[in-house]
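Biologist: I would like to learn how to read a protein model one feature at a time. Could you take me through this one slowly?

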Amino acid sequence: MSISIEPAIAPGVAELLRLSDEFAFSLYPAESCYLLDVSELTAPGVAVVVARSGEDAVGVGALVERGDGSAELKRMFVRSDARGRGIASGILAALEEIALGHSIATLQLETGPLQPEAIALYEKHGFRRIPAFGQYVGDDFSVCMEKRLG
């Protein structure tokens with residue numbers, strides 16, 4: 001298993017994003033799915049991390065810097081056939097390492113109440129629930145979390 005920074009257009013990433021979209025839309029209404037597309041994932045200040053098993057992309061996550069010492073985690077997803085192997089924890093650790101290297105003091109994220117495994121993963125890694133922020137305010141399908149780094 002390898003986890004590294006890759007371009008959002010790297011082989012296999014589009015398929016992971018498609019599967020992630022399918023998963024999100026199977027759980028939540030479209031207006032509650034805040035998914036960044038490839039053009040947003042290739043913007044300045046965005047780092048994409050890809051987990052690979054051999055050549056196969058099996059997981060992805062992105063760090064979106066805000067320019068104020070904080071960043072948001074986006075597009076965290078592991079293929080269903082690769083879950084339970086610590087891949088999501090590895091992606092999260094890689095994203096936190098990138099954040100620390102960029103002097104990011106606060107990480108925030110949004111997930112959904114119908115994803116207890118994701119919530120448990122984030123809590124296990126020190127994230128705590130916070131009031132909804134930004135575009136998530138007022139969305140009952142949003143669970144927002146935060147972790148202070150350093």
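Biologist: In which loop does Ser103 lie?

Modeller: Helices (H or I, at least four residues) and strands (E, at least two) are DSSP runs, numbered from the N terminus, and Ser103 lies in the loop between α3 (87–101) and β5. Before we go on, please keep in mind that this is a predicted model, in which local features need pLDDT of at least 70 and side-chain atom pairs count only at pLDDT 80 or more, while totals for chains, interfaces and linings use all residues. Residues are numbered from 1 along each chain as its sequence is written, and side-chain values use heavy atoms, with hydrogens and water left out.

Biologist: Is Ser103 buried or exposed?

Modeller: Buried means under 20% relative accessible area, exposed over 50%, and partly exposed in between (1.4 Å probe, protein chains only). Ser103 has a relative accessible area of 61%, so this residue is exposed.

Biologist: What should I look for in the backbone angle phi of Ser103?

Modeller: The general idea is that most residues other than glycine have a negative phi. Ser103 has a positive value, near 60°, and Arg75, which is not a glycine either, has a positive phi of about 55°. Arg75 sits in strand β4 (residues 70–78), and because its relative accessible area is 8%, Arg75 is buried.

Biologist: Which elements does the protein have, and in what order do they run?

Modeller: There are 4 helices and 7 strands in the protein, and from the N terminus on they follow the order β-α-α-β-β-β-α-β-α-β-β. The radius of gyration, taken over C-alpha atoms, can be set against the globule rule, which is 2.2 Å times the number of residues to the power 0.38. Here the radius of gyration is 14 Å, close to the 15 Å that the rule gives for 150 residues, so the protein is as compact as a globular protein of that length. Of the 150 residues, 47% are buried.

Biologist: How do I read contacts, and which residues does Thr106 touch?

Modeller: Contact means heavy atoms within 4.5 Å. Not counting residues up to four places away in sequence, Thr106 touches Gly69, Ser70, Ala71, Glu146, Lys147 and Arg148. Thr106 belongs to strand β5 (residues 106–111), and with a relative accessible area of 10% Thr106 is buried. Over the protein, 62% of the contacts with a separation of 6 or more are between residues 24 or more positions apart.

Biologist: What joins the side chains of Thr106 and Arg148?

Modeller: A polar contact is a pair of N or O atoms within 3.5 Å; within protein, one must be able to donate a hydrogen and the other to accept it, and residues adjacent in sequence count only if both atoms are side-chain atoms. The side chains of Thr106 and Arg148 are joined by a polar contact of 3.1 Å. Another polar contact, of 2.8 Å, links the side chains of Ser142 and Glu110. Ser142 is in the loop between β6 (128–130) and β7 (143–148), where its relative accessibility of 13% makes this residue count as buried.
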